[in-house]
Amino acid sequence: MSKSLLVIGGSSEIAHSFIKMAALKDYSITISCRNEETLNNTCSNFYKETGRIISGVVLDLTDPKKVSTFFDDREIPDVLFIAAGTLGDVKVCQYELKNQMEIINVNYTAIATLLASVTDKYKAKGDGHIVVISSVAGDRGYYSNYVYCSAKAAISTYLSGLRAMLYPHGVNVLDIKCGLVETKLNAHRKKPKLITASPDYVGMQIFASMQKRHTIVYTPLIWYFIMGFVKMIPEFIFKKLKV
């Protein structure tokens with residue numbers, strides 16, 4: 001019997017790579033996207049590329065009611081992979097209240113709500129993987145996008161506690177701290193090639209890390225060392241840096 005995979009945020013380029021790896025291992029795959037059009041296009045493109053049919057469901061993470069009831073009548077998968085995230089509307093001021101709330105809700109509140117709704121089910125199942133894409137941004141609050149940083153820090157802290165909760169029950173919780181990746185999310189930013197990875201590389205690394213039951217993974221690995229240095233900068237210096 002094949003294992004099941006549910007991807008929240010199925011249109012993500014990183015998720016696409018992860019799904020391809022899962023397809024090679026004969027997983028039964030379901031993805032969610034925020035609207036019907038995106039869902040249909042994602043499933044269709046995946047079929048054209050791989051010849052593999054995947055199931056889909058609409059889930060808008062900005063709708064609290066749908067998020068909180070999403071797993072009410074749904075079996076939990078062997079692998080729950082959450083790849084959804086947002087930087088907010090980069091065309092408007094990041095400090096606009098509506099923009100800040102979207103960043104916090106999508107990157108933290110909605111994801112934490114989904115995970116809270118399945119915690120007891122995974123404890124009863126006694127097996128499985130929960131994989132969540134966080135960010136190295138959560139390791140320090142940057143002047144340029146501290147709201148996003150705070151949301152990513154919050155979800156990583158949540159995952160740490162969830163990991164401790166589910167460890168005795170055989171469920172592994174994997175926190176993926178992504179650095180710079182060539183995705184649509186980062187399309188507006190200049191990215192040094194030396195410290196930037198492709199979605200395919202990151203997706204394959206995540207899948208391999210999951211199989212090895214790792215818990216926290218920096219990808220690309222160079223970001224482990226970069227953030228180690230950044231975290232050592234004293235606050236009285238860091239607060240003066242416009243980064």
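Rings of Phe, Tyr and Trp count as a pair if their centres lie within 6.5 Å. The exercises below apply this and related rules to a predicted model.

**Exercise 1. Name the residues that ring pairs link into a cluster, and classify the pair of Phe18 and Phe207.**

Solution. 
- Step 1. By the pairing rule, the count comes to eight aromatic pairs.
- Step 2. Ring pairs join Phe18, Tyr27, Phe81 and Phe207 into a cluster.
- Step 3. A pair of aromatic rings is described by the distance of the centres and the angle of the planes.
- Step 4. For Phe18 and Phe207 the centres are 5.2 Å apart and the planes stand at 65 degrees. Planes over 60 degrees apart count as edge-to-face, so this pair is edge-to-face.
- Step 5. Phe18 belongs to helix H1 (residues 13-24) and Phe207 to helix H6 (residues 199-211). The two are 189 residues apart, and the pair thus links distant parts of the chain.

**Exercise 2. Decide whether Phe18 and Phe207 are buried or exposed.**

Solution. 
- Step 1. The cut-off for buried is under 20% relative accessible area.
- Step 2. Phe18 has a relative accessible area of 1%, so Phe18 is buried.
- Step 3. Phe207 also counts as buried, because its relative accessibility is 1%.

**Exercise 3. Describe the surroundings of the Phe70 ring.**

Solution. 
- Step 1. The ring centres of Phe70 and Phe71 are 5.1 Å apart, with the planes at 85 degrees, so the pair is edge-to-face.
- Step 2. Phe70 and Phe71 are both buried.
- Step 3. Over the ring of Phe70 sits the charged end of Arg74, 4.3 Å from the ring centre.
- Step 4. Another charge over a ring is found at Phe238: Arg140 lies over its face, 4.0 Å from the ring centre.

**Exercise 4. Work out how helices H4 and H5 are arranged and what kinds of residue meet in their contact.**

Solution. 
- Step 1. H4 covers residues 97-125 and H5 covers residues 146-166. Their axes come within 8 Å and cross at roughly 10 degrees.
- Step 2. Angles under 35 degrees count as roughly parallel, so H4 is roughly parallel to H5.
- Step 3. The H4 side of the contact includes Ile103, Tyr108, Leu115 and Lys123. Among the H5 residues that they and others in H4 meet are Val147, Lys152, Tyr158 and Leu166.
- Step 4. By type, the contact residues divide into 18 nonpolar, three polar and two charged.

Methods: Residues are numbered from 1 along each chain as its sequence is written. This is a predicted model: local features need pLDDT of at least 70, side-chain atom pairs count only at pLDDT 80 or more; totals for chains, interfaces and linings use all residues. Side-chain values use heavy atoms; hydrogens and water are left out. Axes are lines fitted to C-alpha atoms, for helices over the stretch in contact, and angles run from 0 to 180 degrees between N-to-C directions. Helices (H or I, at least four residues) and strands (E, at least two) are DSSP runs, numbered from the N terminus. Angles under 35 degrees count as roughly parallel, over 145 as roughly antiparallel, 65 to 115 as roughly perpendicular and the rest as oblique. Contact means heavy atoms within 4.5 Å. Ala, Val, Leu, Ile, Met, Phe, Trp, Tyr, Cys and Pro count as nonpolar, Asp, Glu, Lys and Arg as charged, and the others, Gly among them, as polar. Rings of Phe, Tyr and Trp (its six-membered ring) pair if their centres lie within 6.5 Å; planes under 30 degrees apart count as stacked, over 60 as edge-to-face and the rest as tilted. Buried means under 20% relative accessible area, exposed over 50%, partly exposed in between (1.4 Å probe, protein chains only). A charge sits over a ring if NZ of Lys or CZ of Arg is within 6 Å of the ring centre and within 35 degrees of the ring normal.
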